[in-house]
Amino acid sequence: MKYVIGIDLGTSAVKVLLLNQLGEVCGEVSQVYPLIQEKSGHSEQDPEEWVHKTIRALSVLVKEFEGEIEAIEGISFSGQMHGLVLLDQNNEVLRNAILWNDVRTTKQCEMIYELVGKDTLLNVARNPALEGFTLPKLLWVKEYEPDIYKKAKTFLLPKDYLRFRLTGELNSEYSDAAGTLLLNVVKKEWSSEICNAVGVDISLCPPLVESHAFVGTITNEIAQQTGLSIGTKVFTGGADNACGAIGSGILSDGKSLCSIGTSGVVLSYEEDKGRDFGGKVHYFNHGKENAFYTMGVTLAAGYSLSWFKDTFAEQEDFSAVLKGIEDVPIGANGLLFTPYLVGERTPHADALIRGSFIGVDGSHKRIDFVRAVIEGITFSLNESIEIFRESGKNIETIVSIGGGAKNDMWLQIQADIFNAKIQKLSSEQGPGIGAGMLAAYGCGWYASINDCADLFSRVVKTYEPIEENVVKYRELFALYKKVYQQTEEISRGLGAFRK
Ligand SMILES: Nc1ncnc2c1ncn2[C@@H]1O[C@H](COP(=O)(O)OP(=O)(O)O)[C@@H](O)[C@H]1O
Ligand SMILES: O=C(CO)[C@@H](O)[C@H](O)COP(=O)(O)O
């Protein structure tokens, strides 16, 4: 039996999966790392920590592996998107990575519209200027840290930096490059038009290859540190949402995915290169060759729950915090939560909005707040589903993955709020499985990534929407949608008092 490893460089942790040729998960190790949040709206991580924790996770995985080490044939990657890693001429990291959920760059987004023009941006990069994307971060460093910017020779996305450290090869690929605002998404090349307009030297952009491309083998040093064989082949990998889509079999038109990790996304496979969503949802290259997907993003989905846990129940694990939500009625006894803890992306691209609990009552217990958090996150994702449905997409079945898919009740709540069938897979680690599939396909185990998905992506349970609940949630969703407008001005007023 042969094996591959899928490495998912998430925001909360790196998750390393060992998969065999039957698509079974044979080993799983994760290592957490923190966010560095020095100011409101800032979110960074130390790239060295990603490398250190990945090596540690790999070495634990290898120690537990009982077969011949040479049977582990390939590795590939999935990674949190958009984060900016800047390297100098010696490929040394110049500063902490600025992450996807860092929203300090509103001014740079306005600059991008002025310099590039909104129409050109939507035609070429196929996306609007949003604070979380990479180009605004690059322009922020140029303006506020000019000494660092002058030394920069290459920028990389998080998983591309990790792969560089494992192989010594500098590369990127289309699914993650699409989230920079510097890629001509349809032509699949760095856009000299955008680079010239914003004054970014195109030589900063790394060479682009396909997600399943073979880029080299691991270095001697990494082989020694992890116990992996020196001949282990490395394949490029993809953005975590593209890999999540691959791992969940979202590889043909009509298929949709909900992923609740630190962020929350609803994404839908898109065959039509010309389809125009007017920038309301993201439009990115898939990890499958010459394919695309559209996606709405809730910035603080799983993060809202982990914030709640860390703040009010630090000693408890997620299962303990969520215990009893099934006994709280729909609507959390009159409590609504909006998950705008770090601003929002879809449908309100707003870096200044912040979250709220509305309807707090003297009778509320902690468990009502937990249920309200779960419902609020799900309402937010439903706003993306509403955009897709209004644009004519038929969304009847949704595969659900990410940490949020570990909880059965939350999966039923998704079915009831989305009014769609929710499919749970044999593993909720969609991005890691997608990364493993890219390695398996790259190794030549299967003729296509779709063939690979038939084996690797297994539905184990389906949650049907319950009509009575759907009706109640429809009424609550109408109230939820009013909260943004009603709290927008208050949020701006409070901005001056934030850290
Ligand atoms: N048992 C659980 N039940 C429900 N949600 C959970 C559970 N465990 C983790 N989560 C949620 O999953 C999130 C982490 O998901 P994950 O997919 O690992 O994120 P990332 O890829 O961003 O690191 C946490 O922030 C938390 O909200
Ligand atoms: O910014 C986005 C997508 O545009 C996020 O989805 C990141 O890709 C982070 O993913 P998770 O760590 O939440 O999986």
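Residues are numbered from 1 along each chain as its sequence is written, and chains are lettered from A and ligands numbered from 1 in the order in which they are written. In this predicted model, local features need pLDDT of at least 70 and side-chain atom pairs count only at pLDDT 80 or more, while totals for chains, interfaces and linings use all residues.

Helices (H or I, at least four residues) and strands (E, at least two) are DSSP runs, numbered from the N terminus.

**Helix packing**

Two packed helices are described by the angle between their axes and the distance between the axes. Axes are lines fitted to C-alpha atoms, for helices over the stretch in contact, and angles run from 0 to 180 degrees between N-to-C directions. Angles under 35 degrees count as roughly parallel, over 145 as roughly antiparallel, 65 to 115 as roughly perpendicular and the rest as oblique.

Helix α10 (residues 240-247) packs on helix α15 (residues 430-442) at about 80 degrees, with the axes 6 Å apart; the two are therefore roughly perpendicular. Contact (C-beta atoms, placed from the backbone, within 7 Å) involves Asp240, Cys243, Gly244, Ala245, Ile246 and Gly247 of α10. From α15 come Gly430, Pro431, Ile433, Gly434, Ala435, Met437 and Leu438. These residues divide into 8 nonpolar, 4 polar and 1 charged, where Ala, Val, Leu, Ile, Met, Phe, Trp, Tyr, Cys and Pro count as nonpolar, Asp, Glu, Lys and Arg as charged, and the others, Gly among them, as polar.

The axes of α1 (residues 47-64) and α6 (residues 158-167) come within 10 Å and cross at roughly 55 degrees, so this pair is oblique. Pro47, Trp50, Val51 and Thr54 of α1 meet Pro158, Tyr161, Leu162 and Arg165 of α6. That contact has 6 nonpolar residues, 1 polar and 1 charged.

**Local features**

Helix α13 (residues 366-390) has 25 residues and spans 36 Å from first C-alpha to last, close to the expected 36 Å (1.5 Å times one less than the number of residues). Gly392, which follows α13, has a positive phi near 105 degrees.

Asn290, a residue other than glycine, also has a positive phi, near 55 degrees; Asn290 sits in the loop between β18 (282-285) and β19 (292-298). Thr346 and Pro347 are joined by a cis peptide bond with omega about 0 degrees, and Pro347 lies in the loop between β20 (336-338) and β21 (356-358).

How values were computed:
Two residues are in contact if their C-beta atoms, placed from the backbone, lie within 7 Å.
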